Amino acid sequence: STLADNKAFELEYTAKERNKLTKYWKKSTLYNKKVYKITNAANVADYNKYLPTVELMAQSFEIKSTLV
């Protein structure tokens, strides 16, 4: 997997909090000793409805140097 043209790690899991199931999708990368993360969380029933949009957003993610 990649994020901003860098090697990335993906994690998808479901958590139960107060009898509510939430599904999470996380993607992260390391660039210039900094970690960049994208997280999506949704009710299990709605998760697949939103995931394609979140994945498109992640594909458009760019890391630009802030050195002046």
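Leaving aside neighbours within four places in sequence, which residues is Asn40 in contact with? The structure is a predicted model, in which local features need pLDDT of at least 70 and side-chain atom pairs count only at pLDDT 80 or more, while totals for chains, interfaces and linings use all residues. Residues are numbered from 1 along each chain as its sequence is written, and side-chain values use heavy atoms, with hydrogens and water left out.

Secondary structure was assigned from DSSP runs, numbered from the N terminus (helices: H or I, at least four residues; strands: E, at least two). An open sheet holds four strands in the order S1-S2-S3-S4, with antiparallel pairing. S1 and S4 are the edge strands, each pairing on one side only; two strands pair if DSSP finds at least two bridges between them. Between the antiparallel strands S2 and S3 there are ten bridges. Thr14 lies opposite Lys23 of S3.

Helix H1 spans residues 47–59. Its 13 residues reach 18 Å from first C-alpha to last, close to the 18 Å expected at 1.5 Å a residue, where the expected span is 1.5 Å times one less than the number of residues. Tyr47, Leu51, Val54 and Ala58 of H1 are buried (under 20% relative accessible area, with exposed over 50% and partly exposed in between; 1.4 Å probe, protein chains only). The cover over these buried residues includes strands S1 (2–3), S2 (6–17), S3 (20–31) and S4 (34–43).

Asn40 belongs to strand S4 and is buried, with a relative accessible area of 8%. Beyond its neighbours within four places in sequence, Asn40 is in contact (heavy atoms within 4.5 Å) with Lys23, Tyr24, Trp25, Tyr47, Leu51 and Val54.
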